[in-house]
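Subject: Structure for your review

Dear colleague,

Please find the structure below, handed over for your use. My findings follow directly after it.

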Amino acid sequence: MIKIKDLHKSYKMGSNSLHVLKGINFDVEEGELVAIMGSSGSGKSTLLNILGMLDLLDSGSYELDGVPIKDLDETKAANYRNKFLGFVFQSFNLINYKTALENVTLPLYYQGLKRKDREETALKYLDDVGLKEWATHLPSELSGGQKQRVAIARAMASKPKVLLADEPTGALDSKTSKEVMALIQQINKSGKTILIVTHEEDIAKMCSRIVRLKDGVIMEDKKNKMISAI
Amino acid sequence: MKRLFDKDTWQEIFGSIKKNRTRTIITMIGVLWGIFIYITLAGSSKGLDNGFERAFQSIASNSIFVWAQYTSLPYAGYKAERGIQLKLSDVDVLKKRVQGIKFIAPRNVAGVFGSAGGSIVRGTKTGTYSIYGEYPEYIKIATSKIYDGGRFINESDIKYERKVCVIGERTQLELFEEDEDPIGKFISINKMNFRVVGVHKFVQGGGFGDDGDIYIPFATFKKIFNTGENVNFFMIAADENVNGVRVEKEIKATLKEIHKIHPDDERAIAGFNLGEVFRKTMNFANGLTFLSLVVGITTILAGVIGIGNILLISVKERTKEIGIRRALGATPSEVRSQIILESVFLTTLAGVIGIILGSFVLYGINAATIDMTDFPYTNPTVPIPYVLGALGFMIILGTLIGIIPAQRAVSIKPIDALREE
């Protein structure tokens, strides 16, 4: 599903250049649930941003589902993101003046679906995460776990090839974290490829593979016997 | 363009506008005020314009008064300070020599310029009124109306020196009973009986005259007041398409020649060019219209800049939201057009409300001034093309000003926007 070869990325900080990713080689098969671990500054978020086409790579190659991701301009990146990727963020990133349902319909709106189809699809995904009754509620009326579930529904609604989650449980207590991870595992079980950036060992252990980054290189990449979240 | 007619686009726009209701309303007031000022000012100056036109309608707008005074320069053996008397024979000379004269009405008057008026008696009622000796041409120049059932002085009145008269509205009120028809009745002017043939409705124009004036045939006047061939003043109408100032000049030059006055004597022959006054007044009104246009446009401009400013702040505040949208697949052009459409929508909505409010104010002014005939203010309106022009101008401005925040929104990198807390 994902093929990365010799990926380099550095940031210019004034006159200094900060080499963040120093030659990453990394393949993900379809249906894997991968945890990317590392301390802060290890480059794990940068890797996720490049995978999410929110950031550009300096050198190397990136292939997603057989499509080479290169020569990205903003419009092309936006279309790829919309078509291939679903995002889940630590801080949920729901639009606060839109209801749960409207938030879920947003990627479908950018896909150009008709209103009726959008709402039907969104409602189905909200139902999948168990929040059908909360469809007309604003994010401010939802708990952290509920918000993250809405965000997951939103990420899934556009039927992405890969789900990218950046510290999805970082803002949640351990009980809610487990519930959210259970949901992610359930989605993974249905065949979706998922990448999770985390620094929590517990969370990583709930994944089928753990990749450890340190100082911009992969230190360890091993299969993991997935622990069920609940 | 497709996006413009997409219901969902508007849904998105309403969503984000609703989110900041107070701020949106305050912003809109800026533009609303601009167009409101423009409509009110433009309508008011149009009302003034119409009012002036109405004030001048009683007199042909290219009419000229000419009268004689004392010379200021010696000439051809005559000393200065010589009194000049206009003569009836001047009419033919003027008609022959000056191009562009439509009508000349020689007029004599008793009761203005310090002379005694006519003392009028009817039964027990008496009064003193100004008496004018008139030719039929007068009514063609001064467009005073004669009430139904009556007539003005005609050629045969002059020819037979008839003792007929046209009285004013006030004269009628003061000499006749309320329900009495004055036509055909007799009044005594300086102890001579005159038959009333008409009543004129006086409309304030330029110069003198009032609603009590009595008009009698020129020839009759001559006999009663013993004025011979003398004429007090000429009232002249120039042809519609000629330069009134030129005609006035030539008339004066001709009269100076006839009466042996120094060509440079500015005092002996005096004139009052109503057309010129009319033109100047209309220029003043046009100036006001222009001023209202400038004030209106600059106020609209200020308002629209306010919208741009608010949208810039709004974009800044919504950095994260824009980042989320971008991450979910919004293309730069989608983000851009949303911001621009918000700007255009706010501007247009504010504009339409401003136009409606302005119209109400004009309606109110109209209702308040409709009965004030002395006040030069009639029918304040703004022509539809001006209104549409203003609206179009605002839409263009709204688009242009929207480009700035839209560009700002597009320049935000989704990754930076998402990082922002």
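How many helices and strands are there in chain B? In this predicted model, chain B has 13 helices and 14 strands. Of its 421 residues, 42% count as buried. Among the contacts in chain B with a separation of 6 or more, 82% are between residues 24 or more positions apart.

I then examined the contact between the two chains. Chain A contributes 21 residues to the contact and chain B contributes 17 residues. On the side of chain B that touches chain A, at least two residues come from each of helix H1 (7–19), helix H10 (319–327), helix H11 (332–369) and helix H13 (414–419). The largest share of that side is supplied by H10(B), with four residues. Sorted by class, the side of chain B that touches chain A consists of eight nonpolar, four polar and five charged residues.

One residue of chain B was also considered individually. Arg408(B) belongs to helix H12 (residues 384–411) of chain B. Apart from its neighbours within four places in sequence, Arg408(B) is in contact with Leu312(B) and Val315(B). Lys316(B) is 92 residues away from Arg408(B) along the chain, and the C-alpha atoms of these two residues are separated by 8.5 Å.

With kind regards

Notes. Residues are numbered from 1 along each chain as its sequence is written. Chains are lettered from A and ligands numbered from 1 in the order in which they are written. This is a predicted model: local features need pLDDT of at least 70, side-chain atom pairs count only at pLDDT 80 or more; totals for chains, interfaces and linings use all residues. Two residues are in contact if their C-beta atoms, placed from the backbone, lie within 7 Å. Ala, Val, Leu, Ile, Met, Phe, Trp, Tyr, Cys and Pro count as nonpolar, Asp, Glu, Lys and Arg as charged, and the others, Gly among them, as polar. A residue is buried if 20 or more other C-beta atoms lie within 10 Å of its own, exposed if 12 or fewer, and partly exposed in between; C-beta atoms are placed from the backbone.
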